[in-house]
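Open the model in your viewer and keep the selection tool at hand. The stops below each give something to select and then say what is there.

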There are 2 protein chains.
Amino acid sequence: MSELKEISCNKSFDGYQKVFSHESKVLKCLMKFGIFLPKNEDSQKCPVIYWLSGLNCTEQNFVTKAGAQQHANKYNVIVVAPDTSPRGCNIPGEDDSYDFGSGAGFYIDATLDPWKKHYNMYSYITSELPAIINDNFPADPERQSIMGHSMGGHGALICYLKNPGKYRCVSAFAPICNPTQCDWGKKAFAGYLGGDASSIPDSWHDYDATSLVKKFDGSPVDILIDQGLSDEFLKKGQLLPDNFVQACKEAQVPVILNKREGYDHSYYYIATFLGEHFAHHAKFLG
Amino acid sequence: MSELKEISCNKSFDGYQKVFSHESKVLKCLMKFGIFLPKNEDSQKCPVIYWLSGLNCTEQNFVTKAGAQQHANKYNVIVVAPDTSPRGCNIPGEDDSYDFGSGAGFYIDATLDPWKKHYNMYSYITSELPAIINDNFPADPERQSIMGHSMGGHGALICYLKNPGKYRCVSAFAPICNPTQCDWGKKAFAGYLGGDASSIPDSWHDYDATSLVKKFDGSPVDILIDQGLSDEFLKKGQLLPDNFVQACKEAQVPVILNKREGYDHSYYYIATFLGEHFAHHAKFLG
């Protein structure tokens with residue numbers, strides 16, 4: 001197990017908001033994550049919510065802008081917010097686009113050179129990071145859930161759908177619901193996995209929530225999707241929540257889609273409704 | 001009246017968080033301010049809280065990190081968060097220090113060249129900005145109050161103490177309470193006002209909350225001071241809240257000093273207790 005280095009520690013809502021760095025084995029680079037540790041008066045093991053951020057974010061966006069600490073302390077839950085991609089890997093072009101490479105790992109395991117050596121965010125989020133959290137903090141491995149925003153909403157949905165029983169529930173703000181059908185997803189999947197959208201390869205469907213839900217065989221827990229109706233990326237067809245909801249209905253997987261009049265894609269929107277999501281997760285995390 | 005230009009608009013907690021720019025007459029430069037407009041269902045005039053930020057901040061720090069919108073909407077109050085200094089004035093050295101010049105206007109009116117042409121934040125905060133707010137938004141000029149952080153806590157205190165009746169109440173997080181006695185204040189006052197700390201000029205006392213409270217003749221409203229006990233700047237003697245509280249006692253001005261175990265100087269600390277401050281202000285804003 002690589003060593004954790006504490007980068008920052010700030011008391012917040014009776015608990016502590018910390019940031020750590022560590023050498024990731026599956027990503028082969030230095031990674032940072034934010035973690036909120038609630039006051040936890042009884043010193044018992046706490047449930048853990050994993051938060052996956054969107055394009056161009058680091059761990060800082062959620063930690064500083066979402067106002068999550070008040071909810072996390074209220075429900076006595078640990079919240080882990082990792083970075084969104086490997087960093088500083090010296091891959092040609094890694095910093096050229098906001099929607100590919102650094103800040104845009106898409107929570108998948110790349111299979112194409114030169115990305116596959118480092119860009120394994122799916123394994124990092126579902127295996128390496130939880131092992132680190134469970135080994136180093138008072139986290140209950142039996143009570144974890146996942147949520148995210150935009151690219152991270154896509155990440156949360158696929159991590160949940162591909163691992164029945166691993167997460168007690170999932171929710172997402174403005175998730176990229178059907179990446180094989182939108183420009184962001186097509187660019188990322190073509191670059192990391194190969195192939196193209198004219199004949200979608202199985203590897204793409206394997207990371208597409210709308211494809212995955214059709215064969216989901218986990219226990220029927222409400223999937224909570226939140227969507228601002230003034231979201232510019234909704235209008236541009238990058239998010240496609242209706243495709244996901246339709247697939248859920250066909251597969252008889254329960255889903256809640258909350259549409260929010262006037263709200264956009266920003267953390268102002270997330271902060272407004274994050275308390276509702278924590279309440280939803282708390283029901284399942286116990 | 002100069003024209004306002006809307007820079008951004010995000011729906012947040014049922015209201016709108018906006019940022020505007022305008023040409024300031026007293027600062028002779030382009031300035032930005034954040035403003036939260038609550039839902040205000042009855043379309044009545046709302047009370048206004050002015051928030052003054054600390055060293056090195058722009059209007060963005062409070063707007064993105066404090067979580068103020070939830071409280072502002074709850075109490076149906078407008079919140080105005082101006083920038084902390086003139087910007088881009090081409091004064092030699094204006095960007096050289098974090099604690100003098102850009103980002104460090106100290107909410108005073110400078111009297112020394114080359115600063116006095118632009119650095120008139122006291123007049124901006126107490127006169128020009130409220131006039132703009134009252135003319136352009138549904139703000140009730142009879143119901144305003146002021147709060148701030150660090151350098152902005154100093155600003156809030158002096159604006160309140162120098163203008164009995166103008167603000168219904170005041171509160172401050174980790175304010176610079178006695179700038180004539182700390183390094184930050186001595187540097188700023190010497191640079192903007194002239195003189196030095198070996199023989200403190202009257203002009204310095206005129207912008208020092210601990211000096212001002214001794215001759216305060218306004219109505220006795222509790223002044224609320226909040227202070228984290230793990231604040232590095234408290235330890236370094238930059239804040240000196242005990243000097244202010246002692247002066248309040250001698251002048252029989254009611255003051256509340258809330259000491260917060262383990263909290264530092266950051267927005268994590270501010271966000272934790274901001275709801276208490278809004279509740280305090282709401283009592284006086286009606």
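Is Ser12(A) buried or exposed? Select Ser12(A): its relative accessible area is 1%, so Ser12(A) is buried (buried is under 20% relative accessible area, exposed over 50%, partly exposed in between, with a 1.4 Å probe and protein chains only). This is a predicted model, in which local features need pLDDT of at least 70, side-chain atom pairs count only at pLDDT 80 or more, and totals for chains, interfaces and linings use all residues. Residues are numbered from 1 along each chain as its sequence is written, chains are lettered from A and ligands numbered from 1 in the order in which they are written, and side-chain values use heavy atoms, with hydrogens and water left out.

Stay on Ser12(A), which lies in strand 1 (residues 5-12) of chain A; strands (E, at least two residues) and helices (H or I, at least four) are DSSP runs numbered from the N terminus. Now show its contacts (heavy atoms within 4.5 Å). Leaving aside neighbours within four places in sequence, Ser12(A) touches Gln17(A), Phe36(A) and Gln69(A), as well as Tyr263(B), Tyr268(B) and Thr272(B) of chain B.

Next, select both chains. A rotation of 180° with 0.0 Å of shift along its axis superposes chain A on chain B, at an RMSD of 0.0 Å (least squares on the C-alpha atoms of residues with pLDDT of at least 70 in both copies). The two copies are thus related as by a two-fold rotation axis. To find that axis, pick Lys65(A), whose C-alpha comes closest to it among the residues of chain A, at 2.6 Å. Of the interface residues of chain A, 95% are also interface residues in chain B, so the copies meet through the same surface.

Move to helix 9 (residues 241-251) of chain B. Colour its buried residues: Pro241(B), Phe244(B), Val245(B), Ala247(B) and Cys248(B). Viewed down the axis of helix 9 of chain B, these fall within an arc of 160°, so they line one face of the helix (the arc is that of the directions from the helix axis to the C-beta atoms). Which exposed residues sit on the face turned away from the buried side of helix 9 of chain B? They are Lys249(B) and Glu250(B). The buried residues of helix 9 pack against several elements of chain B, including helix 4 (151-161), strand 8 (223-228) and strand 9 (255-260).
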